[in-house]
Amino acid sequence: DALAAFKVATWIQSKGHASRLASVAQTNYSQLRRAPLVAIGAFNNAWSIRATAELRFVFDDRVIDGVAYHCIVDRRNPTSVLWKVAQPASGAMSEDYAIVTRVFEATTGKTVMSVAGIETYGTLAAGEFVTEPTYLSAALGSAPPDWRRKNAQFVLGTKIIDGTPGPPRILAAQFW
């Protein structure tokens with residue numbers, strides 16, 4: 001998560017905006033009302049879980065055939081779990097998943113962005129997705145013309161080879 005946070009903070013600063021890195025434990029609601037939030041990580045970041053809890057794509061815990069999973073669920077089809085990682089995650093993982101969300105948060109009056117993978121590999125791929133123009137421009141190629149004024153969610157997948165995440169792939173998207 002630290003690598004993804006650093007990459008996103010560097011990207012934000014390259015756009016001429018100030019950024020401040022803080023742990024989840026050091027971030028309170030009062031601070032969120034003063035500035036936009038970029039929450040990094042999923043199951044270890046309550047702000048990411050909270051920001052996405054009512055949206056189409058959400059993080060969840062499921063037990064399937066006696067095996068515990070961290071997963072991403074499409075609330076339009078909540079019984080089908082396409083994107084999951086067995087828990088505890090093993091070093092032999094071959095795939096990880098992430099959600100990148102950008103929403104206007106009514107309770108804070110600010111924009112919230114969540115860059116969050118099920119595991120570290122997914123978070124790294126999500127960080128790459130938001131900071132590398134080629135990935136984001138490809139994703140926005142099918143976006144509605146007024147996407148800049150809309151909320152957005154992207155579900156991403158990444159193959160893991162020799163302990164390194166591959167390029168992020170868009171598995172699903174939602175604009176509203």
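## Salt bridges

Glu 132 is partly exposed, at 30% relative accessibility; here buried means under 20% relative accessible area, exposed means over 50%, and partly exposed lies in between (1.4 Å probe, protein chains only). Lys 7, at 31%, is also partly exposed. Lys 7 and Glu 132 form a salt bridge, with the closest N and O atoms 3.4 Å apart. A salt bridge is defined as a side-chain nitrogen of Lys or Arg within 4 Å of a carboxyl oxygen of Asp or Glu. This pair links distant parts of the chain: Lys 7 is in helix H1 (residues 2-14), while Glu 132 is in the loop between helix H4 (120-131) and helix H5 (133-140), 125 residues apart. Helices (H or I, at least four residues) and strands (E, at least two) are DSSP runs, numbered from the N terminus. The model is predicted: local features need pLDDT of at least 70 and side-chain atom pairs count only at pLDDT 80 or more, while totals for chains, interfaces and linings use all residues. Residues are numbered from 1 along each chain as its sequence is written, and side-chain values use heavy atoms, with hydrogens and water left out.

The count of salt bridges comes to seven. Among them is the one between Glu 95 and Lys 159, at 2.9 Å from N to O. Glu 95 lies in strand S5 and Lys 159 in strand S7, so this pair ties together parts that are 64 residues apart in sequence. Glu 95 is buried, at 13% relative accessibility, whereas Lys 159 is partly exposed, at 46%. Salt bridges link Glu 95, Lys 159 and Arg 169 in a network. Asp 146 and Lys 150 form another salt bridge, with their closest N and O atoms 3.8 Å apart. Asp 146 is partly exposed, with a relative accessible area of 27%, and Lys 150 is partly exposed too, at 23%.

## Strand S7 and its partners

Which strands pair with S7? Strand S5 (residues 95-105) runs antiparallel to S7, and eight bridges join them. Two strands count as paired if DSSP finds at least two bridges between them. Val 100 has Phe 154 in S7 as its bridge partner. Strand S9 (residues 169-175) also runs antiparallel to S7, with six bridges; here Gly 157 stands opposite Arg 169. Strand S8 (residues 164-165) pairs with S7 in the antiparallel sense over two bridges, and Ile 160 has Pro 165 in S8 as its bridge partner.

S7 itself (residues 152-161) is mostly covered, with eight of its 10 residues buried. S7 and S8 form a hairpin with two residues between them.

## Aromatic rings

There are four aromatic pairs by count. Rings of Phe, Tyr and Trp (its six-membered ring) pair if their centres lie within 6.5 Å; planes under 30 degrees apart count as stacked, over 60 as edge-to-face and the rest as tilted. Phe 43 and Phe 59 make an edge-to-face pair, 5.6 Å centre to centre with 75° between the planes. Phe 43 lies in the loop between strand S1 (37-40) and helix H3 (46-52) and Phe 59 in strand S2 (residues 57-64), so the pair ties together parts that are 16 residues apart in sequence. Phe 43 is partly exposed, at 30% relative accessible area, and Phe 59 is buried, at 9%.

The ring centres of Phe 57 and Trp 83 are 6.2 Å apart and the planes are at 65°, so this pair is edge-to-face. Phe 57 is in strand S2 and Trp 83 in strand S4 (residues 83-86), 26 residues apart. Phe 57 is buried, at 0% relative accessibility, and so is Trp 83, at 10%. Ring pairs also join Phe 129, Phe 154 and Phe 175 into a cluster.

## Backbone angles

Most residues other than glycine have a negative phi, and most peptide bonds are trans. Asp 65 has a positive phi, near 50°. Asp 65 is in the loop between S2 and strand S3 (67-74) and is exposed, at 79% relative accessibility. Asp 162 has a positive phi of about 55°. Asp 162 lies in the loop between S7 and S8 and is exposed, at 78%.

A cis peptide bond joins Gln 87 and Pro 88, with omega about -5°. Pro 88 lies in the loop between S4 and S5.
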